[in-house]
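User: Got a model open here and I'd like to talk through a few spots in it. Can you take my questions as they come?

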Amino acid sequence: MGRPLVFEILEKPATSCFIGICSAIWFYIQKKNIGYSHVGLSYETAIAGHHWRIITSAFSHISILHLVFNMSALWSLGVVEKLGPIGLGMEYYLQYTLVLVVLSGALVLGMYHILIQKFKIEYFRRVTAVGYSCVVFGWMTILSVKQPTSKLHLFGFLSLPISFAPFESLIFTSIIVPQASFIGHLSGIVVGYAIAWGLIHGMNNYWAVSMLGWIVLVSVFSLKRSGAYDFSFLEIESVTDPSSVRFVGNGRALQMSALPATGVELV
């Protein structure tokens with residue numbers, strides 16, 4: 001008989017919180033009938049200044065199967081929180097999850113830019129990506145380097161050697177799920193290797209909090225500028241005006257406007 005779930009949750013508190021956040025957002029999206037084009041990340045929306053979508057796209061899922069697959073993998077990868085003795089642990093997990101969310105999203109946009117501008121593949125101009133898979137694939141990759149003897153458990157019955165899991169999952173999802181974002185998953189793997197091999201390092205609580213603060217600041221201003229969310233207390237005027245930001249009152253209104261998308265990719 002397995003251990004009670006409550007003990008597993010207590011041993012993986014950060015993972016449990018991320019699963020709860022993604023699940024709550026999925027429920028809200030379903031209840032409010034919000035489309036992927038309103039929360040997903042695409043090249044055109046990024047060019048239009050919707051920088052906040054790097055965050056919303058990562059934590060949003062449209063289908064229940066997409067959510068279950070990602071959360072099942074994430075639950076298994078939560079073992080990272082227990083590996084403090086080998087330099088991982090909960091703080092490491094939180095700090096580098098933040099890095100994975102931001103850098104994998106930025107890398108996706110960078111790849112889209114190359115495909116559009118260099119190879120003239122216009123399909124990637126409006127394709128919209130949603131999902132937490134960039135982070136999931138990133139942690140698969142980090143764990144495959146740091147703890148290669150681990151296994152990835154999916155749906156409670158499927159078990160994969162973690163050393164092969166990133167590329168096995170990359171190929172498997174691309175074949176089985178036509179809408180799966182190969183570029184999104186590959187971005188997570190690339191950033192994961194950069195972290196695991198020490199190319200990206202030096203994160204601590206100070207830098208993590210600073211990074212989080214900048215993410216909040218950029219997201220608020222991009223939401224305001226793009227008109228997606230009306231922060232009535234914050235007024236942004238022309239850059240020619242030295243006092244370009246003013247606080248003018250209180251109140252807010254949701255405006256879920258978005259550029260049209262040609263397709264969706266699940267990440």
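User: Leu103 first: buried, exposed or partly exposed?
Analyst: Leu103 counts as partly exposed because its relative accessibility is 32%. The cut-offs are under 20% relative accessible area for buried, over 50% for exposed, and partly exposed in between, with a 1.4 Å probe and protein chains only. Keep in mind that this is a predicted model: local features need pLDDT of at least 70, side-chain atom pairs count only at pLDDT 80 or more, and totals for chains, interfaces and linings use all residues. Residues are numbered from 1 along each chain as its sequence is written, and side-chain values use heavy atoms, with hydrogens and water left out.

User: Where does Leu103 sit, and which residues is it in contact with?
Analyst: Leu103 is in helix H7. Helices here are DSSP runs of H or I with at least four residues, strands are runs of E with at least two, and both are numbered from the N terminus. Leaving aside neighbours within four places in sequence, Leu103 is in contact with Val191 and Ile200; contact means heavy atoms within 4.5 Å. Leu103 and Ser187 are 84 residues apart along the chain, with 8.4 Å between their C-alpha atoms.

User: OK, H7 then. How does it pack with H12?
Analyst: The angle is about 35 degrees and the axes are 10 Å apart, with H12 covering residues 205-226. Axes are lines fitted to C-alpha atoms, for helices over the stretch in contact, and angles run from 0 to 180 degrees between N-to-C directions. The crossing of H7 and H12 is left-handed, that is, the near helix is turned anticlockwise from the far one by less than a right angle; clockwise would be right-handed.

User: Which residues meet there?
Analyst: From H7 you have Glu91, Gln95, Leu98, Val99 and Val102, and from H12 Asn205, Ala208, Met211, Leu212 and Ile215. Sorted by class, that contact has seven nonpolar, two polar and one charged residues. Ala, Val, Leu, Ile, Met, Phe, Trp, Tyr, Cys and Pro count as nonpolar, Asp, Glu, Lys and Arg as charged, and the others, Gly among them, as polar.

User: And H9 with H11, at what angle do they cross?
Analyst: Helix H9 (residues 133-146) and helix H11 (residues 182-196) cross at roughly 35 degrees, and their axes come within 7 Å. This crossing is right-handed. On the H9 side the contact includes Ser133, Phe137, Gly138 and Thr141, and on the H11 side Gly184, Gly188 and Gly192 are among the residues. The classes in the H9 and H11 contact come out as eight nonpolar, seven polar and one charged.

User: Moving along to the loops. Where is Lys120, and what's its phi?
Analyst: Lys120 is in the loop between H7 and H8. Its phi is near 60 degrees, a positive value in a residue other than glycine. Most residues other than glycine have a negative phi. Lys120 is exposed, because its relative accessible area is 59%.

User: Which loop holds Asn33, and what is its phi?
Analyst: Asn33 lies in the loop between helix H2 (13-32) and helix H3 (36-39). Phi of Asn33 is near 55 degrees, and again that is a positive value in a residue other than glycine. Asn33 is exposed too, at 69% relative accessible area.

User: What about Ser76, buried or exposed?
Analyst: Buried, because the relative accessible area of Ser76 is 12%. Ser76 lies in helix H6 (residues 64-77). Not counting residues up to four places away in sequence, Ser76 touches Lys151, Leu152 and His153.

User: And what does Ser163 touch?
Analyst: Ser144 and Pro148, with residues up to four places away in sequence not counted. Ser163 is in the loop between strand S3 (158-161) and helix H10 (165-176), and counts as partly exposed at 33% relative accessibility.

User: Last one, the whole protein. How many helices and strands?
Analyst: There are 12 helices and eight strands. Buried residues make up 45% of the 267 residues.
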